Amino acid sequence: MEEEFQSQYGPRWSDQRVGRLLGALVCAVVALLLALIVVVFIQGWPSFAHNGLAWFGPGGNVDEQLNVISQSAETGAGYVYTFHAWPLIWSTILIAGGSVILSLGAALFISVFLVEFAPTWMARILAPVVRFLASVPSVIYGLLGVLVLVPFIGNHLISESQKASVAGVISLTGYSLMAAVVVLTIMVAPLMVSIFTDALSSVKPGWLEGSLALGVNRWRTIWKIGVRAARPAIVAGTVLACARAIGESVMLAMLSGSTAFAPNPIDGLIFVFEPSRPLAPTIVKSSDQLSSPPAKATLFAIAAFLLFSAAIFSLTGWAARRSMNKYLAR
Amino acid sequence: MESLTRQHAQVPPPIRRLDPQDPTPAAEAAPERSTNFVAAKRSIAAPQFSIRRMEVDKVSIHYDAKEAVKSVSLPIRQGEVLALIGPSGCGKTTLLRSLNRLTELTAAAKLTGSIRLDDVDIRLIEPTLLRRRVTMVFQQPNPFPMSVFDNIAYVLREQGSRRMKKKVLEPQVHSALQRAGLFEEVKDNLKHPALKLSGGQQQRLCIARALAAEPEVLLLDEPCSALDPQSTAVIEDLIVKLREDVAVVIVTHNLQQAYRIADHVAFMYLGDLVEYNSATRLFNTPAQDRTREYVSGAFG
Amino acid sequence: MTPGGPQAQTEELPVGLPGGLTEPPQPPPTNAVEGSSTWSLLDRLGLAFCWFLGLLFCAIAAAIVIYLLIKGIQFLKPSMLVTPAAAGFTEGESGGFSDAFFGTLILGVMSLTLALPTGVAIAVWLVEYGRPKALARVTEMTVEAIAGIPSVVFALFGTVIFSSAALGFLSRTNEGVVFGRSFFAAAAMLALEALPLIVASTREGLNAIPRHVREASYGVGKTKAATTRRILLPTCRPQIATGAMLGLGRIIGDTAIIVILLGATQNFSPVEGAPFPLNYLRGAGTTLTNFVYEASPTGNLNQPDKAYAAAFVLLFIVLLLNAATDLIHSRARKAGTWSH
């Protein structure tokens, strides 16, 4: 009976059926993302609601605020939500911004090298090296940073007089902006390199050849034509790198110093040795407080802020790519 | 048509390598027999002058084991258009690309013999300098992904090491566009993306770009094969106009085109230069059997 | 034919060398490849900087591998892989990290079994079906967004959904309060993390298959579903495998989700009263990344020697994954493909 049915009406797994099944799965994933966004914002809302715009501003010691918030659940005197995240936001901007700028430069040079100038033997070493660096778990970077880089910075780069000059405010141990930026750059740059090399090697050969045939040397050709034509991918890679940099939590929790201090560039060069703590590590560090409702709201508010920034990055990148595509598409 | 098929049936094209020393039986009879090549009247005037600029002297090019060009010698003259014709894979494009050392960019091409520009071996000239004197236009129009203006200005900017002011660039860009006959069409939207132009305009932009470098020799690699007949006609006129300013070498698949615009034609087959002759003679009374077979459409 | 000439040329033979020489020309006097010697100083400095950065990256990678190799040989004892962590004050008393090691393996398997079919299905839908267009667009954006969302955010989201009563059966439940931390919870969120990599890689593979291959299959009366299953997916197996390896690397390397969603313990804590594998999977646990994090000087355990040992094991797994990816690539390249 069933066989007859099949031969007349087509196979059991008809395209329509499979299409609908897969479509349902796809919808489920989309719904999951929407749920994530909604849940994070709803959970974080009390924190935003109590602080208003001051949430983003400076004021007070963030670590103390976090303590008061999580303990307020037990005192019975009502939840406290007062939270001014500026030092955390500032630290995120400094660390993520610094490392993305550094790795953008490094990644451009390395991908140009890899695609155009590296001799075969060098490319055969460098390409796997880049893939390897991109795949090392962040916690290993963190461990090596803590045990190798941080002591090095603390013992050799920071002079005693520098330590003494800020002794009353903060102690300089090597857990610093610098350690965080250096290691984050090593983590983020390989990601960019892999995206950039893909883009550079798929630039239409006609463009490069056209430039060479006009007597422009290979260096300028790859920068002026190749890199230019690959700009949309460069923007996309940079956006991804930004997202990764602001979202990196564990390595930064280990290296950045884990003090909610806002390094001040006005202090002079010493500020790169000052500790801080970005937003994402704050969530990991305080995750054991999740059972306290006000602390939970605060952490979700931080997560919501991260989500929002990631969205802003993608939008900016999307807009930038659109304006560049004007010259690329027919 | 009938004679053509009969000829095809009787004389299948031999695959063996052409040996000039080998007495080909039909060679003696060649001049008398006329080909089936019925072309339109050549409308271009005879060249006013011709100065020898480049000299291809016993040039052979190997790719690893494969010999793409076999001991070819040719003169290239300013005031004339030289067309290289031949079936696909006959080495004409390779020869063209070797004229400004572009073959060196693709892996293991080895060149023996010598190519001279104004009696100087081109291997003595620094490649980027050579490529400014001998510029090239490709089969597929390849304007850079920038504005029309920047496409031309690119050549000028990257030649000087100092940054050039727009005021200095402007007249040069305009004159290049004028020489390529594109200025009137694009003068109002020089800021527009070059890739938004039509195919024919793109190719003329590429010619303008090649001219902006003030070259002495212009190489064209099947410049019209990706274009419609109208754009082709415009570009052909342009090429003929250019022949007095620069020596022009064009590779083409289109025999009619070679007949229309070339003063001299070189026919290559499997890497050999089979015949080098004036266009009228090569097409109407070819000296070689194989040339006749090719231009009458027997193979290729 | 003109006698004497190297070629049959009728009109005017080109002259030989200037000065009437007939010798064949000398071998090329300059370097055949355009060198950097004629570039401007700035261009040459740039190229030098390229070399510097390239070598620096190689040096960093070499330093990481060699340093961890030395420390691993120094501190890793095979017994650590089979001894669970124990409470103790000295490094000798505190056992090994077997639970972390097996936790990593368990989580890798669990997450991948979740992420791989889902990712492949999404890619198939995007490439082969993709209607309605709007949904396809939204799906692409979703996958892109998931790739850009920090893993801590996934972790926090996980604590909310897995401590809901409806999903209580996936973790420890005490008097109606759902603990929300378990292998199930962590695996689900890690799968989400790995999803974009698998989708992207599979899509790339599917897109590389030319149209005519599909048409050949439709042409003999096969459905889209059958074509996908029998032709397309087997063809892009290397890409799917690459995606799986990349995803697995991400899963194994993640720490934030483990710390928040699997629990801050260093041992398995099986749930009582559940059948064998489920009692472990519903309970909290640990992984190598979590162990390294906690054992580092900034963590709660502070046993740097053991952290090195665990990091070495972790790095070894990552290197294995990389080698597997390379092997898949080189095999696929040898297998050849259609001409387009």
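Residues are numbered from 1 along each chain as its sequence is written, while chains are lettered from A and ligands numbered from 1 in the order in which they are written. Because the model is predicted, local features need a pLDDT of at least 70 and side-chain atom pairs count only at pLDDT 80 or more, whereas totals for chains, interfaces and linings use all residues.

The C-alpha trace of chain A spans about 75 × 70 × 35 Å along its principal axes. With a radius of gyration of 25 Å, well over the 20 Å that the globule rule gives for 330 residues, chain A is more spread out than a compact globule. The radius is taken over C-alpha atoms, and the rule is 2.2 Å times the number of residues to the power 0.38. Even so, 51% of the 330 residues of chain A count as buried, that is, with 20 or more other C-beta atoms within 10 Å of their own, these atoms being placed from the backbone. Of the contacts in chain A with a separation of 6 or more, 80% join residues 24 or more positions apart; a contact requires C-beta atoms, placed from the backbone, to lie within 7 Å.

Turning to the interface, 63 residues of chain C are in contact with 69 residues of chain A. On the chain C side, helix α1 (residues 41-75) of chain C supplies the largest share, 12 residues.

The largest nonpolar core has 289 residues, and Ala303(A), Val249(B), Val292(C) and Ala310(C) touch the most other members. Such a core is a set of buried Ala, Val, Leu, Ile, Met, Phe, Trp, Tyr and Cys residues joined through C-beta atoms within 7 Å. Helix α8 (residues 177-201) of chain A gives the most to this core, with 17 residues. Leaving aside neighbours within four places in sequence, the contacts of Ala310(C) include Phe97(C), Leu288(C) and Val292(C).

Finally, a word on confidence, given as pLDDT (the predictor's confidence in each residue, from 0 to 100). Chain A averages 88, with 95% of the residues scoring at least 70. Chain B has a mean of 80, and 82% of its residues reach 70 or more. Over residues 1-36 of chain B the pLDDT is below 50.

Definitions and conventions: Contact = placed C-beta atoms within 7 Å. Buried ≥ 20, exposed ≤ 12 C-beta atoms within 10 Å, placed from the backbone. Helix = DSSP H or I, 4+ residues; strand = E, 2+ residues; numbered from the N terminus.
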